[in-house]
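Good morning, everyone, and thank you for making time for this.

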Amino acid sequence: MKSAAFLVCMICCLCLKGQSGEKVVCHPRPIPLMILGDSHMVGYWGEYFHRKLHETGRFNILNVAIGGAGSRHFIQKKLTNHCCGYKIRRTWVGDVLESGDHVRRIEMSSVGDKSGVGADWNYRLDSMVAYWQPEIVLIALGSNRIDAHEDLIELIRGACPKARIVWLSPFNRMGFEVRLNSIERCIKGKSYCTLVRMDDLAGHDTLLTFHLGSYSARKVGLKSAERVLPLLIDGVNHN
């Protein structure tokens, strides 16, 4: 079923065409997307991943990544740069990113200094979610096994009840099955949650390079985005 927004857009296009006699291009509305991640998302894997999603021209993206984080860190009353740095990136549809540019960072630190994360939102994830009102929250957490997955989903849905959750599995490393099972148990029976497996894209021998501007970070970052993109776009179009 086409969304109401899509139908309105089609009607507007037809009206404009009838009035002017010229072909009118109807651009899809931007999709508000939020990303939560750990140090892989802080690093260059996250840089390439975010850039690829942005280049589709479909998403307004707020990307919050905290080094060393698990889902438990994101539910705290104050988000903290507790370990090894963080980045908050934000891009809007239409932002131009040149080939050598970084994705825009609105807040960051390269070291763990115990400072708060997200000053504009009183260092609270629920305030960020309420502000952004994401149609989709893409979660790339679980590698560090500091888990409160159920509580994280409840926090997100409390601030934005219609948000869909797309959870990216950890990459392949020792203890992967335990990490995966924790996510699967949490999302089981939740129609608004989807798991996307990423473990075949990278193993433990390449994970450290994801923090750096390496070939493997770029390759796997782009492949990860390509894998999840159809789900993000088709899921919205069929809501």
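Before we look at the helices, we need one term: a crossing of two helices is called right-handed if the near helix is turned clockwise from the far one by less than a right angle, and left-handed if the turn is anticlockwise. Please also keep in mind that what you see is a predicted model.

Let us begin with the helix pairs. Two packed helices are described by the angle between their axes and the distance between the axes. Take helix α6, residues 149-159, and helix α7, residues 176-187, whose axes come within 9 Å and cross at roughly 45 degrees. Angles under 35 degrees count as roughly parallel and those from 65 to 115 as roughly perpendicular, so α6 is oblique to α7. As for the handedness, α6 passes α7 in a right-handed crossing. On the α6 side the contact is made by His149, Glu150 and Ile153, while α7 brings Ser182, Ile183, Cys186 and Ile187. Sorted by class, this contact of α6 with α7 holds 4 nonpolar, 2 polar and 1 charged residues.

The helix α6 also has a partner in α5, and here the two pack at an angle of about 40 degrees, with their axes 8 Å apart. That angle makes α5 oblique to α6, and α5 passes α6 in a right-handed crossing. Leu125, Asp126, Val129 and Ala130 of α5 meet Leu152, Leu155, Ile156 and Ala159 of α6. In this contact of α5 with α6 we find 7 nonpolar residues, no polar ones and 1 charged.

This brings us to the interior. In soluble globular proteins, nonpolar side chains tend to be buried together. In this model the largest nonpolar core has 32 residues, and Met34, Leu36, Phe74 and Leu125 are those with the most contacts inside it. Several elements give two or more residues to this core, including the strands β1 (31-37), β2 (59-66) and β3 (86-91), as well as the helices α5, α6 and α7. Which element gives the largest share of this core? It is α6, from which 5 residues come.

Now let me turn to a histidine. Is His50 buried or exposed? With a relative accessible area of 0%, His50 is buried. His50 is found in helix α3, residues 44-55, and, not counting residues up to four places away in sequence, His50 touches Ile61, Asn63, Arg89, Thr91 and Val103.

Finally, a word about the backbone. Most residues other than glycine have a negative phi. Gln133, however, has a phi near 45 degrees, which is a positive value, and Gln133 sits in the loop between α5 and β5. Because its relative accessibility is 38%, Gln133 counts as partly exposed. Arg145, in the loop between β5 and α6, likewise has a positive phi, near 55 degrees. At 48% relative accessibility, Arg145 counts as partly exposed, since a residue has to be over 50% to be called exposed.

Terms used: Residues numbered from 1 in each chain as written. Predicted model: local features only at pLDDT ≥ 70, side-chain atom pairs only at ≥ 80, totals over all residues. Heavy atoms only, no water. Axes fitted to C-alpha atoms, helices over the stretch in contact; angles between N-to-C directions. Helix = DSSP H or I, 4+ residues; strand = E, 2+ residues; numbered from the N terminus. Parallel < 35°, antiparallel > 145°, perpendicular 65-115°, else oblique. Contact = heavy atoms within 4.5 Å. Nonpolar A, V, L, I, M, F, W, Y, C, P; charged D, E, K, R; others polar. Core = buried A, V, L, I, M, F, W, Y, C linked by side-chain atoms within 4.5 Å. Buried < 20%, exposed > 50% of the residue type's maximum accessible area, 1.4 Å probe, protein only.
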